[in-house]
Every structure is written in structure tokens, then in C-alpha cells.
Amino acid sequence: MTTKYEPVKVEYINPFVTAAVKVFGTMLNCQLKRGQPYLKRNAQPDYEISGVIGLTGKANGTVVLSFSRDTAIQATATMLGERPEELNNDVVDTIGELANMVAGSAKTELEQFAMSISLPSVIIGKNHTVAFPRGVTPIGIPFECDWGSLCLDVGLCEATSDQSA
């Protein structure tokens with residue numbers, strides 16, 4: 001038996017895209033240029049450091065903000081005022097906070113789902129994977145900025161009556 005996966009509805013994605021652009025603009029004075037969104041074919045983020053947030057409520061899902069090494073280090077340097085030499089705890093905290101701000105801002109635009117967001121988790125390492133809700137094909141939204149590349153992956157589905165919180 002083959003499981004059929006449905007793409008995430010675009011109206012659920014736009015608040016996350018808007019939030020990412022807004023957070024980077026206001027917190028980091030960094031302008032993001034959005035690339036072409038695409039359906040993810042696997043659960044592997046595009047880059048080696050990922051901030052992961054879970055969403056629960058009348059909709060469930062996962063949001064991943066993944067960064068290239070250089071982009072993560074520059075975002076940390078801008079946020080903290082001191083450039084880390086490597087992917088250290090300061091970078092982990094910064095990426096977790098950025099993921100939290102993006103998810104939190106988007107959540108306010110999706111108030112009809114009465115969602116709660118989890119604490120952020122940060123994963124470092126090439127070829128790591130992140131689980132999305134069963135039956136959801138996440139959408140990847142690539143971004144470019146002066147510092148390099150990052151990608152926002154959103155997998156969100158409306159909860160059935162036995163899944164909602």
C-alpha cells in the first residue's frame with residue numbers, strides 16, 4: 001500500500017515566509033531574497049544547521065529554518081556583536097532563537113488554529129533529517145542574503161478531531 005501525501009496549503013505557508021523576512025529585516029538588518037518554493041522530496045534540510053520548532057493545536061506541524069555554516073555564523077555575529085570562530089553554543093542559541101521568532105510571528109497570523117509552539121531544537125551536522133507530520137509533504141522556501149543561503153521548510157496540516165490538542 002502506498003501512502004498519498006498532500007502538499008501543505010499555501011495559505012499556511014505565507015505567514016512563515018512573511019515572518020522570516022520580517023525577523024531577518026528587523027532583528028539582523030538583513031534583507032532576504034526568496035527563491036522558488038518547492039515540495040520537499042525527503043526529510044533532509046538543505047543546510048547543516050537547523051532550528052526546529054513543533055506546532056500543535058487545530059493544526060500540527062514542523063518548521064525548520066536551516067542555514068549554511070557561514071550564514072549561521074554571520075547571523076550570530078550580527079545578533080551578538082561578536083563573530084564566533086565555529087559552530088558553538090552561541091550559534092546554536094542564535095539559530096534556535098531565530099526559528100522561535102519566525103514560528104512565533106507566523107503563529108499569530110494563523111490564530112484560527114490555536115497553535116502552541118514547542119521550544120526550539122537545533123541540529124548541527126550534514127545530512128541530518130527532521131520528521132514532519134505523517135501525510136504531509138513539506139514545502140521548502142529557499143532564501144539568499146548577503147551572508148549566504150538559508151531555507152525555511154514548513155510542513156503543516158489541519159488536525160483531525162483525534163489529533164487536535
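This is a predicted model: local features need pLDDT of at least 70, side-chain atom pairs count only at pLDDT 80 or more; totals for chains, interfaces and linings use all residues.

**Salt bridges**

I started with the charged side chains and found that Lys40, Asp46 and Asp153 are linked in a network of salt bridges. My cut-off for a salt bridge is a side-chain nitrogen of Lys or Arg within 4 Å of a carboxyl oxygen of Asp or Glu. Residues are numbered from 1 along each chain as its sequence is written, and side-chain values use heavy atoms, with hydrogens and water left out.

Lys40 and Asp46 meet through their side chains at 2.9 Å, N to O. Lys40 also meets Asp153, at 3.3 Å, N to O. For the element names I use DSSP runs numbered from the N terminus, with helices (H or I) of at least four residues and strands (E) of at least two.

Buried or exposed, I asked of Lys40 and Asp153? Both are buried. The classes go by relative accessible area: buried is under 20%, exposed is over 50%, and partly exposed is in between (1.4 Å probe, protein chains only). Lys40 has a relative accessible area of 5%, so I log Lys40 as buried. Asp46 comes out at 37%, which means partly exposed.

The rule gives a count of 3 salt bridges. One of them joins Asp70 and Arg69, with the closest N and O atoms 3.8 Å apart. Asp70 is partly exposed at 46% relative accessible area, and Arg69 is partly exposed too, at 32%.

Next I looked for patches of like charge. I checked Asp90 by itself: Asp90 is in helix H3 (residues 89–109) and counts as partly exposed because its relative accessibility is 39%.

**Overall fold**

I then stepped back to the whole chain and logged 3 helices and 10 strands. From the N terminus on, the elements run β-α-β-β-β-β-α-α-β-β-β-β-β. The radius of gyration is 15 Å, close to the 15 Å from the globule rule for 165 residues, so the chain is as compact as a globular protein of that length. Here the radius is taken over C-alpha atoms, and the rule is 2.2 Å times the number of residues to the power 0.38. The C-alpha atoms fill a box of roughly 50 × 35 × 30 Å along the principal axes. Of the 165 residues, 46% count as buried.

**Positive phi**

Last, the backbone angles. Ala114 is not a glycine, yet its phi is positive, near 45°. Where is Ala114? In the loop between H3 and strand E6 (116–117). Asn127, again not a glycine, has a positive phi of about 65°. Asn127 lies in the loop between strand E7 (121–124) and strand E8 (136–137), and is exposed with a relative accessible area of 64%.
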